[in-house]
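Have the sequence and the coordinates ready.

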Amino acid sequence: MRPMDLVKEYLASEGYRYDIDSDGDLHFKIEGVNLYCTNNGNDEQFFRIIMPGIYEVENNREKVLEACNKISRDYKVLKAFLVEDRLWLTVEMFVDSSPEVGDFIQRIFSILINAYKDIAKEILG
């Protein structure tokens, strides 16, 4: 079963609502924050959850890039990067053919939420 299908099952079992966007990505909210589990086509072992567009770069691009480097360095499996002038966070990893999503998905949510808070402190702080 594809990781995205396992995430759907997990979210449903935990009472989270979700929808599928036009790209086939799974959209849901955790603690009021938009997250997406991406449709990775034929790569059934690649697992990615994205927190898109959390901050808009204005006149502080260098500070935002420094914050991205720090957060990416400090958190396991997390990447912070810019898409155009918007900051995105993602957790990316490879999973085996039958992962137990419930074993690690709450940790992924925690990593993303904590990194979201920490990067805001770095940029604004």
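The questions below concern a predicted model and set its values against the cut-offs behind the words.

Q: What makes C68 count as buried?
A: The cut-off is again under 20%, and C68 is at 3% relative accessibility, so C68 counts as buried.

Q: How many disulfides does the structure hold?
A: It holds 0 disulfides; a pair of cysteine sulfur atoms would have to lie within 2.5 Å to count as one.

Q: Why is α1 called roughly perpendicular to α3?
A: Their axes come within 12 Å and cross at roughly 90 degrees. Angles of 65 to 115 degrees count as roughly perpendicular, so α1 is roughly perpendicular to α3.

Q: Which residues make that contact, and how do they divide by class?
A: V7, Y10 and L11 come from α1, and I105, Q106 and F109 from α3. By class, the contact has 5 nonpolar, 1 polar and no charged residues.

Q: Which residues touch the most other members of the largest nonpolar core?
A: F28 and I49 do, in a core of 41 residues. Among the elements that each supply at least two residues are α1, β2, β4 and α2, while α3 gives the most, with 9 residues. Nonpolar side chains tend to be buried together in soluble globular proteins.

Q: What does F28 touch, leaving out residues up to four places away in sequence?
A: Its contacts include V7, L11, C37, I49 and F109.

Methods:
Residues are numbered from 1 along each chain as its sequence is written. This is a predicted model: local features need pLDDT of at least 70, side-chain atom pairs count only at pLDDT 80 or more; totals for chains, interfaces and linings use all residues. Side-chain values use heavy atoms; hydrogens and water are left out. A nonpolar core is a set of buried Ala, Val, Leu, Ile, Met, Phe, Trp, Tyr and Cys residues joined through side-chain atoms within 4.5 Å. Buried means under 20% relative accessible area, exposed over 50%, partly exposed in between (1.4 Å probe, protein chains only). Helices (H or I, at least four residues) and strands (E, at least two) are DSSP runs, numbered from the N terminus. Contact means heavy atoms within 4.5 Å. Axes are lines fitted to C-alpha atoms, for helices over the stretch in contact, and angles run from 0 to 180 degrees between N-to-C directions. Angles under 35 degrees count as roughly parallel, over 145 as roughly antiparallel, 65 to 115 as roughly perpendicular and the rest as oblique. Ala, Val, Leu, Ile, Met, Phe, Trp, Tyr, Cys and Pro count as nonpolar, Asp, Glu, Lys and Arg as charged, and the others, Gly among them, as polar.
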